[in-house]
Amino acid sequence: MAHPLSRYRLRLFSDFVRIALVPLLLFMLCFSVFNTRPTLPTAPLYLPFAFLCALARNFYSDFQHRRDATSRGARLPPQVIGRWPGNLDIFIKRRKAARSGYLAEYYRELFHEYHATTLNLKLLWIDMYISMDQEHIKYITATGFEHFWKGRLIKEMVEPFLGGGIFNRDDQEWKDHRSLARPFFSRDRVRDFELFEHYTNTTISIISSLSSVGKSVEIQDLLTRFTLDAASEALFGTELNSLRGALPVPGQTVRGRHEVVPSDQFNAFAQAFDGCQDVYMGRVTKGYFWPITQLTRDDMTPHVKVIEACVQPLVARSFQRKAERKSNGLGPEEKDVFLDHLADQTNDPKVIQDQLLNILLAGRDTTACLLTFIIYFMSLHPNIARRMRSEVLEQVGSGTPTFEDIKSLRYVRAVINETLRLFPPVPHNIRETRDQAVVFPRSDVTFDFGDNTPIYMPANTPIMFIRFLTHRNQALWGPDAEVFDPDRWLDSRLARFVDNPMMYTPFNAGPRVCIGQNYSLNQTTYFLVRLLQRFDSFSLAPECQPEGSIPPPEWKRGRGRQAIERIMPTSSVSTYVRGGLWVNFNAAAKGI
Ligand code: HEM
């Protein structure tokens, strides 16, 4: 059953009553007080009247929050002041920055302008907090976990797609999902390595055959297929074969992530899955009032129908297998396929479907993103790629890596950590306060010359925390924070992180920490080992990048990495390279 908070039309209606109907009643009341009737010429006065009511309500709630904050020894965070009423200009600039700016740079500039690590954007008179503060993120995710939840906004936006799955639920329901899923991901499984080998082989053969005839490879697209195929076999026990579809051709791709391949080459499931994510991101960028555009139809529903048509027969088959095992007197044994593992725990097909889709969403683009950015950095830093390759050849040789081999690759792991620091695949998350206001611990050291009274956050308010900026914060990481330097994970600089682990949270932290971390790190390292056994150098192929995906000249005048970037990093649910990443792979002379 849909979560009651996900009924967005109902919420919009109650907003409409609050914003338009209540002022209308007051408007009429004013006339009756003066013993007169509204006439046609006086009707337009209603609009400024409703506007004044909104301002008065806003002013009053700010006043209440300020009073409550002071009584708790706290203060409200700085509020962003735009030029237009309701910060409409900020709203527009934010959308523009999401379309063409450097990832999160717009927010970083705001934090610096206001000398604060937590701010209230106050978009269209609605409180919307943003934070890059390590102490506040720690409070949201770990020490003050019980004061926050995923909240209403997320449920409204993704309910048809993620339903009652782990990403979209809180409290007991979420705990049940987590305990259902965790055992499957918490151990190193031999079967995972078999699948990694199979799909890594297919992926590397594609790279080999293209590079042997001097062609560049759109590696982001290829890696998304690699993770999708491997995940769907591990989760559903079925091959999706997206790696066997036609590949992007230079000059015939367009700018977005999901459009890099002409659409007819992706099968229905993958397309519908991407379609749901696109609808979700459209809602996020439209903000609080997104339901206005979806009054008569829900754009997610057609995609969800396609997904259901694919998943339901698989779930039914799994139930069948379970029944057969039972009738043969066999008990539940350890399962290689996540679907069968779920079918042993519950008889509810909807629970299984939601859980599968949530985990597929979690596991596909994130690992593909990590590998894409590692290959980007290997292309920019040939010396680092050489050092990784030496380590692989020394520790693993030319064979297939084992669990122990993977653990022994210290430098490769440092490269993975450093990539996750500079380009965390999940660059930000959203939470909401519950029915009670909260007071954060004091802010981190970023702007410690200012007022460090703790910050107050009202009840039922969303906050977006941006780990992308925390991971690049010079006050935490030192002046070289934006430099790609894997050695910081091996030399004395590691002490900064050991003393202060919350400055680095690519997999989140606290009770909702990622459950696929181990799986993903194994998969990433496995792929890198096999790749580096075959190829010894990598270079970018900017001539293949589609129009609009090469950094514009004004980026050179930007700060930090923006000035040196050769690609345009951007994000939807996860981080990705705009227009894909075209790379040339050079086969090693003594490849295996
Ligand atoms: C580099 C790869 C990955 C990164 C950086 C990553 C990062 C994250 C982050 C930041 C969250 C918190 C999201 C939130 O609370 O809103 C999360 C949650 C989660 N991740 Fe991952 N993830 C990765 C790979 C995977 C994989 C491969 C799987 C499974 C196959 C997975 C399964 C999950 C699940 C189920 C959750 C929800 C946990 C909960 O809410 O209790 N992740 N991940």
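**Domains and their contact**

A: Start with the two domains: the C-alpha centres of domain 1 and domain 2 lie 28 Å apart. The model is predicted: local features need pLDDT of at least 70 and side-chain atom pairs count only at pLDDT 80 or more, while totals for chains, interfaces and linings use all residues. Residues are numbered from 1 along each chain as its sequence is written.

Q: What makes up each domain, and where do the bounds come from?
A: Domain 1 is 72–136 + 432–505. Domain 2 is 179–426 + 507–587. These bounds come from an automatic or database domain assignment.

Q: How many residues does each domain give to the contact?
A: Domain 1 gives 24 residues and domain 2 gives 28 residues. Two residues are in contact if their C-beta atoms, placed from the backbone, lie within 7 Å.

Q: Which elements give two or more residues to the side of domain 1 that touches domain 2?
A: They are helix H3 (88–100) and helix H17 (467–470). H3 gives the most, with three residues. Helices here are DSSP runs (H or I, at least four residues), strands are DSSP runs too (E, at least two), and both are numbered from the N terminus.

Q: How do you know whether the radius of gyration agrees with a compact globule?
A: The radius is taken over C-alpha atoms, and the globule rule is 2.2 Å times the number of residues to the power 0.38. For 592 residues the rule gives a value near 25 Å, and the chain has 26 Å, so the two agree.

Q: Which residues come nearest to the ligand?
A: Ala362, Gly363, Thr366, Cys514 and Gly516 do, out of 22 residues around the ligand. A residue counts as near if its C-beta atom, placed from the backbone, lies within 6 Å of the molecule or strand in question. Helix H7 (171–185), helix H13 (349–380) and helix H20 (517–534) are the elements that give two or more residues to this shell. H13 gives the most, with six residues. By class, the shell has 13 nonpolar, seven polar and two charged residues.

Q: Why is Cys514 called partly exposed?
A: Cys514 has 19, so it is partly exposed. Cys514 sits in the loop between helix H19 (494–499) and H20. An unreviewed UniProt entry lists Cys514 under "binding site". UniProt positions follow the numbering used here, feature names are shortened, and annotations may be inferred rather than shown by experiment.

**Single residues**

Q: What sets the phi of Asn87 apart?
A: Most residues other than glycine have a negative phi. Asn87 is not a glycine, but its phi is positive, about 55°. Asn87 lies in the loop between helix H2 (46–71) and H3. With 23 C-beta neighbours inside 10 Å, it counts as buried.

Q: Is Trp125 buried or partly exposed, and what decides it?
A: Trp125 has 17 C-beta neighbours inside 10 Å, so it counts as partly exposed. Its phi is also positive, near 65°. Trp125 is found in the loop between strand E1 (118–120) and strand E2 (129–131).

Key. Ala, Val, Leu, Ile, Met, Phe, Trp, Tyr, Cys and Pro count as nonpolar, Asp, Glu, Lys and Arg as charged, and the others, Gly among them, as polar. A residue is buried if 20 or more other C-beta atoms lie within 10 Å of its own, exposed if 12 or fewer, and partly exposed in between; C-beta atoms are placed from the backbone.
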